[in-house]
Number of protein chains: 2
Amino acid sequence: MSLASRPDIISFAGGMPGNELFPVDEVEELFRGLDLKTRQAAFQYGPTPGLPSLLESLGGFLEKKGLPVQKNRLMITTGSQQGLSIVAKAFVDPGDRVLTEYPCFIGAIAAFRSAGAKIVPIPVDEEGLDIAMLRLEAARPDPAKFLYITPYFHNPAGMLYSSQRKRELVEALQGRNIPLIEDDAYGDLWFHEEDRERLKPIKALDPEGIDVCYLGSFSKILGPGLRLGWLLAPPAIYEKCELIKQSADACSPSFTQVIADAFMRSGQIDSYIASVRQQYRLRASAMAAGLRKCLPDYVRWNEPKGGFYIWLTLPEGTDAAEILKHAIDGGVVFVTGSTFDPEGRRTNAIRLSYCNNTPEEIERGIPIVASAIRTVCG
Amino acid sequence: MSLASRPDIISFAGGMPGNELFPVDEVEELFRGLDLKTRQAAFQYGPTPGLPSLLESLGGFLEKKGLPVQKNRLMITTGSQQGLSIVAKAFVDPGDRVLTEYPCFIGAIAAFRSAGAKIVPIPVDEEGLDIAMLRLEAARPDPAKFLYITPYFHNPAGMLYSSQRKRELVEALQGRNIPLIEDDAYGDLWFHEEDRERLKPIKALDPEGIDVCYLGSFSKILGPGLRLGWLLAPPAIYEKCELIKQSADACSPSFTQVIADAFMRSGQIDSYIASVRQQYRLRASAMAAGLRKCLPDYVRWNEPKGGFYIWLTLPEGTDAAEILKHAIDGGVVFVTGSTFDPEGRRTNAIRLSYCNNTPEEIERGIPIVASAIRTVCG
């Protein structure tokens, strides 16, 4: 049994929604209410790009975010992990460079590596990617195959790109022949109305001179166990991706596509997102309050604005693995920052997830993390 | 709308189970009867190799077929198409040769090509693979990366390997360092008790000196829309495959894994397989009766013993695409043989599926196929 699933351990490790938040009864009732033909279709193969009815309802959902659904093509993927794997395969030949953030989502690192990519990590601060470094990379004579970013409640860094930083990023890429992979798995989980302008996808700005592939997921707004994500891409890229998906798994599960479609068409997705947003805000507040109270001043972190994560930056040279050992002795587990470094070198950071804990567990757990930090860093 | 889904056309094209055969009500009732914790887990991420409970129940199901589950490792895949894609990625570097049958399942051709394989097709007759040709290939100094076969109610050739041919195949591979990929998607759909000995998987013989990877699927014994298959492989191969799956889609859908597990543990899988076996036997009999009555003598085909398909071999030089045109004019569609030729050259064959038609539709459709053949071949 892994530490993270031991009942005597408080886990701030996983990026999993809380099991108690899933709309189990609602989905059962929705499925029961479908006509026989639709329920039978749930057991059958579907088209490789996804069930037409879901593509339509999801298309409407994405258009409400301002995304250019009509000018692009939409594909259902088996989780957004498959979206990453397909995009990597579409763009990368072994040895090609791709640009990512540091820190970077580990699923993306795995997918890009699996396609043979050489990963070039560019650091982020609390407003987004380091633009000076991006400009240097973009100016190289052999351009990278794409830039991958998760600008909205970043995993693991927790931060939200500023509108200004997004504009600078677009300018740095324009005309450079470097497609942008924009991963928006957490954008619906905002905590404050005033941040909504910053959540507008770059894909929705439809910037000229850049191919933008937009990835999203039902994992955080319905359930990861359905394994449903999506890819919105320009037609020429989409066509390549469809062939890759065909050979990867023929089609995503019709069963869960039928469920997701019913969930969207019933309108329950909106009320469900509103309710989990509220839950995650409570959890984030509890963790932020604990950190404010207990952390030594030399630890940098930023108040979460949405999503699942808080990222702690420790003094240069700190070995977060040492802190983790002490935290486990105290009964708390988390993920160390080097996990999210494509080069595995930066050791002075910690990712804390608040998504899967009650506020009470968080209040008990944070002093243990703080104490472990003091033990190692003084 | 594709021809195959037009209501005025009788389609012998698809390899899809009949929608009316799916156990829709049974699965709904099973899911409703599960405890809350299990239903919540259906919405959550699961381990990459599959939900432990399903691995256990499926392991028991496979052990009843004599498969060496304990000596190997079992992994759930997102349909057996993902199993093919993973195996290809595990073994093949671009330019490597792999051996397949001719004709060959098109999903396998797509997956192997996607990994960069050069496909070497070896013909099958009504007893299995051409062993002389296999021996020549196996003796080459640079051995192929694997041999892929579908010995049980072959798609598209419909045939069932003889026990003798399987033994010869094993002898030809032993000590040659060519792993065997044995795809058994249809083996449960046998029509005659006396064929059961021939259905024993090569993997169950546990032959020395060959690595055998055994692929299977819930697609034909529950529903393809669940996207659940499996891979039983020696530990060293399994480990490589697990990493590949991790980056491909993190895990297969927990939702449908929970369903498949409940379906197996309730024992309903056995009664369900028995009932669809009976249905497909009726359909196969109707098609065989029609072919016996209507086909000219120069068309070779073999009485189906199980599975979904009958394969017609036309006189050398016949262009089956011409026959298809006439058949469509008459109101029937099917798939021409060149689709299943990795080299796309052999044009004198036709695949007829009986899985998705009532006996009445089959009785109406077969004379139209026969008439189209006579129009082209005389």
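Keep in mind that this is a predicted model. Start in chain B with an open sheet of 3 strands, whose order is 10-13-12 with antiparallel pairing. Strand 10 (309-313) and strand 12 (335-336) of chain B are at the edges; each has a single partner strand, so one side of each has no neighbour in the sheet.

**Inside the sheet**

Select strand 13 (residues 349-353) of chain B and look at its link to strand 12 of chain B: the two run antiparallel and are joined by 2 bridges. Here you can find B:Val335 standing opposite B:Arg351. Now turn to strand 10 of chain B, which is joined to strand 13 of chain B by 5 bridges and also runs antiparallel to it. On that side, B:Thr313 stands opposite B:Ala349.

Is strand 10 of chain B mostly enclosed or open? Of its 5 residues, 4 are buried, so strand 10 of chain B is largely enclosed by the rest of the structure.

**Into the core**

Next, select B:Phe334. Skipping its neighbours within four places in sequence, B:Phe334 is in contact with several residues, including B:Phe12, B:Leu324, B:Ile350, B:Leu352 and B:Val369. B:Phe334 also belongs to the largest nonpolar core, which has 241 residues. Along with A:Leu147, A:Phe334, B:Leu147 and B:Leu352, it is among those with the most contacts inside that core. As a rule, nonpolar side chains in soluble globular proteins tend to be buried together.

An α-helix has 3.6 residues a turn, so residues three or four places apart point the same way.

**Where the chains meet**

Show both chains together. The same surface serves both copies, as 100% of the contact residues of chain A recur in chain B.

How many residues of chain A are in contact with chain B? There are 40, and they meet 40 residues of chain B. Several helices of chain A each supply at least two residues to this side, among them helix 1 (24-32) and helix 4 (79-91). Helix 9 of chain A gives the most, with 5 residues.

Select A:Pro103, in the loop between strand 3 (97-102) and helix 5 of chain A. The peptide bond from A:Tyr102 to A:Pro103 is cis, with omega near 0 degrees. In chain B, another cis peptide bond joins B:Asn155 and B:Pro156, where omega is about 15 degrees.

Last stop: B:Ala250, in the loop between helix 9 (235-249) and helix 10 (254-265) of chain B. Phi of B:Ala250 is near 70 degrees, a positive value in a residue other than glycine. B:Ala250 is buried, with 24 other C-beta atoms within 10 Å.

Methods:
Residues numbered from 1 in each chain as written. Chains lettered and ligands numbered in written order. Predicted model: local features only at pLDDT ≥ 70, side-chain atom pairs only at ≥ 80, totals over all residues. Contact = placed C-beta atoms within 7 Å. Core = buried A, V, L, I, M, F, W, Y, C linked by C-beta atoms within 7 Å. Buried ≥ 20, exposed ≤ 12 C-beta atoms within 10 Å, placed from the backbone. Pairing = 2+ DSSP bridges.
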